[in-house]
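Colleague: Thanks for making time for this. Could we go through the model together, one question after another?

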Amino acid sequence: MKKILLVFFSLILIAVAGYIGWKYYYVFGEGVKSGTLNYVVRKGDVFKTYEGKLIQEGIRSRTPGAIQSYEFEFSVTDPKLAEKLMANSGKEFDLHYREYHGALPWRGFSRYIVDSIVAMR
């Protein structure tokens with residue numbers, strides 16, 4: 001009976017560890033977003049993280065003839081990259097990001113983590 005319980009709890013532990021790994025550490029997608037950098041700030045109650053917003057221009061809108069902007073909210077884990085972004089707020093950027101299934105408090109508020117600058121204009 002002890003052996004069956006040990007195997008059962010081991011399987012449960014492996015399943016929980018696999019789910020946590022998939023949800024918070026598996027890179028679901030990655031790509032590049034372009035637009036005007038609105039802001040990057042350092043904030044948080046317990047974990048201070050860098051959070052930013054990129055404004056993307058768009059031409060699709062619910063009302064005909066109007067232009068709609070898209071907002072890309074992201075987190076930055078590298079302090080040097082965050083400082084560079086903060087110093088150049090308002091400029092056009094192409095930012096490379098990774099997307100996760102879930103956000104971790106020490107990684108940032110967003111599931112999107114910017115890891116590099118592809119281009120700055």
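This is a predicted model: local features need pLDDT of at least 70, side-chain atom pairs count only at pLDDT 80 or more; totals for chains, interfaces and linings use all residues.

Colleague: Let's begin with the core. Which residues touch the most other members of the largest nonpolar core?

Modeller: That core holds 14 residues. Strands S1, S2, S3 and S4 and helix H2 each give two or more residues to this core. The members touching the most others are Phe-74, Val-76, Leu-85 and Val-114.

Colleague: Which residues does Leu-85 touch, not counting those up to four places away in sequence?

Modeller: Leu-85 is one of the core members that touch the most others. Setting aside residues up to four places away in sequence, its partners are Leu-37, Val-40, Phe-74, Val-76, Phe-93, Leu-95 and Ile-117.

Colleague: Now Thr-49: is this residue buried or exposed?

Modeller: Thr-49 is found in strand S2. Beyond its neighbours within four places in sequence, Thr-49 is in contact with residues including Val-41, Pro-105, Trp-106 and Phe-109. Its relative accessibility is 3%, and the cut-off for buried is under 20%, so Thr-49 counts as buried.

Colleague: With which side chain does the side chain of Thr-49 make a polar contact?

Modeller: Thr-49 is in strand S2. At 2.6 Å, its side chain makes a polar contact with the side chain of Glu-51.

Colleague: How far apart in space are Ser-116 and Leu-54, C-alpha to C-alpha?

Modeller: Ser-116 is found in strand S5 and is partly exposed at 27% relative accessible area. Leaving aside neighbours within four places in sequence, Ser-116 is in contact with Leu-81, Leu-95 and His-96. Ser-116 and Leu-54 are 62 residues apart in sequence, and their C-alpha to C-alpha separation is 14 Å.

Colleague: On to charges. Which residues are linked with Lys-53 in a network of salt bridges?

Modeller: Glu-71 forms a salt bridge with Lys-53, with the closest N and O atoms 3.4 Å apart. Glu-71 lies in strand S3 and Lys-53 in strand S2, so the pair ties together parts 18 residues apart in sequence. A second salt bridge to Lys-53, at 3.6 Å, comes from Glu-73. The network therefore links Lys-53 with Glu-71 and Glu-73.

How values were computed:
Residues are numbered from 1 along each chain as its sequence is written. Side-chain values use heavy atoms; hydrogens and water are left out. A nonpolar core is a set of buried Ala, Val, Leu, Ile, Met, Phe, Trp, Tyr and Cys residues joined through side-chain atoms within 4.5 Å. Buried means under 20% relative accessible area, exposed over 50%, partly exposed in between (1.4 Å probe, protein chains only). Helices (H or I, at least four residues) and strands (E, at least two) are DSSP runs, numbered from the N terminus. Contact means heavy atoms within 4.5 Å. A polar contact is a pair of N or O atoms within 3.5 Å; within protein, one must be able to donate a hydrogen and the other to accept it, and residues adjacent in sequence count only if both atoms are side-chain atoms. A salt bridge is a side-chain nitrogen of Lys or Arg within 4 Å of a carboxyl oxygen of Asp or Glu.
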